[in-house]
Every structure is written in structure tokens, then in C-alpha cells.
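Good morning, and thank you for coming. Please look at the structure on the screen while I walk through its parts.

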Amino acid sequence: MKILSLNTQKAFQPALPSFLKRVLDGGLYDFILLQEANERVLPLVRGVGAYRLLEVFDEVFSAPSHLSIVYRDTFKLKGSRLDSFGRMHPSPRLQHQGFGMLLGTFGTPQGDIKAGTVHLHSGLRPTVRAREVQALKDRVMKERAHNTPLVFGGDFNLGIPGEVIHACSLLLPQFVASTRHLGPTLNSRYSEPHPNIVNTSAVFLAKFGLGFDLKTDHLFVDAETAKHSEACILSDRVSDHSPIELTIL
């Protein structure tokens with residue numbers, strides 16, 4: 001089974017449509033976990049190839065969630081749940097429907113699997129993300145089921161020193177980061193303009209060919225599945241985040 005995770009950057013990069021079309025037309029993945037999948041992104045993946053799209057409404061914000069999951073049309077969606085994290089940030093301007101976890105239970109020819117797409121808050125407040133990781137742990141612990149693989153991940157926005165170690169430690173021992181020893185996934189040189197200090201600084205530095213690389217994107221699997229899974233970073237430049245591929249052997 002192959003799973004792809006990608007923060008689509010709301011289709012800011014012009015190469016995204018052709019990348020998604022190639023991936024979907026080629027049937028390359030069983031699941032595609034999307035973050036920042038807004039009204040510009042969803043038409044690129046809705047009804048394309050031999051896939052279906054799980055998209056949900058965020059009741060907290062009375063708006064469509066920016067989290068979605070593309071899955072093979074041979075799979076049966078048995079249930080789904082959205083945990084919205086938008087209100088967990090103290091700043092009102094950073095509270096919106098883009099943050100949280102969308103988790104689905106799918107029936108496949110190989111048996112059931114639970115797959116979730118995750119997006120945590122960006123910015124300089126690691127305590128916010130720490131609370132969100134704890135909320136993730138609380139949810140996935142409730143979702144654990146005997147002999148049912150559980151995979152979740154996406155853009156964790158882990159950028160402060162020590163955050164990756166802390167998040168991985170918090171989710172252990174039940175869930176293991178298949179991406180723990182991979183390199184950076186966020187390239188700030190491709191950040192979009194946005195009125196916050198992080199994006200503003202990134203856009204300014206990019207004018208001089210400067211930037212920073214961060215290990216923001218991660219995929220976690222249950223401890224048993226981790227024994228026969230491996231992850232890699234793809235080189236496609238279709239977002240400020242690199243796509244991550246997970247193979248469950």
C-alpha cells in the first residue's frame with residue numbers, strides 16, 4: 001500500500017495541477033492526504049481517475065475544511081471524523097478551518113485501515129502545537145483497533161528546535177514516525193506572501209536567494225505497521241512543502 005501526503009499550499013505553485021493529474025491518472029497511490037485543499041485545489045482531485053474524495057464541513061467555523069483525503073474507488077468509506085483545531089490558537093487571525101485532523105476508516109481488499117490527514121498551526125508558538133499533538137494522541141488512541149493499521153500525518157509545522165523530538169516522543173510508544181530520520185520538507189524560498197512575520201520574512205529572504213529548510217511534514221503509523229513501512233521525500237516542487245511517500249510493505 002502506498003500513501004502520499006502533501007500540503008498543497010492552496011495551489012499557489014503553478015506545477016501543482018499537472019502533478020496531481022499525473023498522480024491520479026496513473027493510479028500511483030492508495031491514499032493521498034491533503035492539507036490546505038481549498039476551493040482552488042479540490043476541483044483538481046474531485047472525480048479524477050479511479051478515486052473518490054473525502055471532504056468534510058467544519059462545523060466550528062461553518063465552512064468547508066481544508067483537509068481532505070483522496071482514496072481508491074475500490075475502497076469503502078466506513079466512517080470519518082474531523083477534529084478541528086482552529087480555535088486552539090489564541091490569536092483570532094490564525095483561527096480558521098485549516099487546522100486539525102480528518103480521519104477516515106476504509107475497507108480495502110487487504111482489510112480495514114484508518115488514515116488521517118493532519119495540519120497543525122504555523123508560527124512561533126510551539127506550545128500551541130504541543131497541545132495539538134496531545135489532542136492528536138488522545139484521538140488516535142481512541143481510534144486504535146486490533147489488527148487495523150492506523151496512519152496519520154501531514155504538515156505539523158514543527159520548526160522550533162526540539163519540536164520534532166518532543167512530538168515524536170509524545171506519540172510513542174503506540175505510534176512511530178516513519179519520517180523521523182528524513183531530511184527537511186519545507187523550503188521557505190517558495191513561501192507565499194502572507195501578513196505574518198514568518199511568511200513576510202521568508203518572502204523577503206527569498207528575494208536574495210536565502211531561506212530556511214525545516215522538518216515540518218511527518219507520517220506516523222502504529223507500532224506494528226511501523227515494522228514493515230518506509231517513507232521517503234519526493235523531489236517534485238509543487239508546493240513550499242515536499243510531498244512525502246509512505247510504503248507499507
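Which right-handed β-α-β unit do β1, helix α1 and β2 make, or, put simply, what do these three elements form together? Strand β1, helix α1 (residues 16–25) and strand β2 make a β-α-β unit that is right-handed. A crossover is called right-handed if, with the strands pointing away from the viewer, the path from the first strand over the helix to the second runs clockwise. Helices (H or I, at least four residues) and strands (E, at least two) are DSSP runs, numbered from the N terminus.

Before I continue, a word on the source. This is a predicted model, in which local features need pLDDT of at least 70 and side-chain atom pairs count only at pLDDT 80 or more, while totals for chains, interfaces and linings use all residues. Residues are numbered from 1 along each chain as its sequence is written, and side-chain values use heavy atoms, with hydrogens and water left out.

Let us stay with β1. Of the 6 residues in this strand (residues 2–7), 5 are buried, so β1 is largely enclosed by the rest of the structure. Buried means under 20% relative accessible area, exposed means over 50%, and partly exposed lies in between (1.4 Å probe, protein chains only). Strand β1 runs parallel to β2 (residues 31–35), joined by 5 bridges; here Ile3 has Phe31 in β2 as its bridge partner. With β14 (residues 244–248), β1 pairs in the antiparallel sense over 4 bridges, and Leu4 has Glu245 as its bridge partner in β14. Two strands count as paired if DSSP finds at least two bridges between them.

In the loop between β1 and α1 we find Ala11. Its phi is near 60°, a positive value in a residue other than glycine. Ala11 has a relative accessibility of 9%, so this residue counts as buried. Glu36 counts as buried because its relative accessibility is 14%.

From β2 we move to β4. These two strands run antiparallel and are joined by 4 bridges, with Val70 in β4 as the bridge partner of Ile32. On β4, 8 of the 10 residues are buried. Strand β3 (residues 51–58) also runs antiparallel to β4, over 7 bridges, and Tyr51 stands opposite Arg72 in β4. Together β3 and β4 form a hairpin with 4 residues between them, and Ser62 in the turn has a positive phi of about 50°.

Now to another sheet. What is the order of the strands in the open sheet of 6 strands? The order is β5-β6-β7-β8-β12-β9, and the pairing is mixed. Its edge strands, each pairing on one side only, are β5 (76–84) and β9 (175–177). From one strand to the next, the twist averages 20°. Within this sheet, β7 (residues 111–119) and β8 (residues 150–155) pair in the parallel sense over 6 bridges, and Val118 stands opposite Gly154 in β8.

Two helices deserve mention here. Helix α3 (residues 126–143) lies across β5, β6 (100–108), β7, β8 and β9, and runs at about 20° to β6. Helix α4 (residues 163–171) packs on the sheet and touches β8, β9 and β12 (217–222), its direction making about 15° with that of β12. Contact means heavy atoms within 4.5 Å; axes are lines fitted to C-alpha atoms, for helices over the stretch in contact, and angles run from 0 to 180 degrees between N-to-C directions. In the loop between α4 and β9 lies Pro173, and the peptide bond from Leu172 to Pro173 is cis, with omega near 0°.

I close with the aromatic rings. A search of the whole structure finds 6 aromatic pairs. One of them is Tyr71 with Phe106, a tilted pair at 4.9 Å centre to centre and 50° between the planes. Both Tyr71 and Phe106 are buried. The rings of Phe152 and Phe220 have centres 5.5 Å apart and planes at 15°, so this pair is stacked. Rings of Phe, Tyr and Trp (its six-membered ring) pair if their centres lie within 6.5 Å; planes under 30 degrees apart count as stacked, over 60 as edge-to-face and the rest as tilted.
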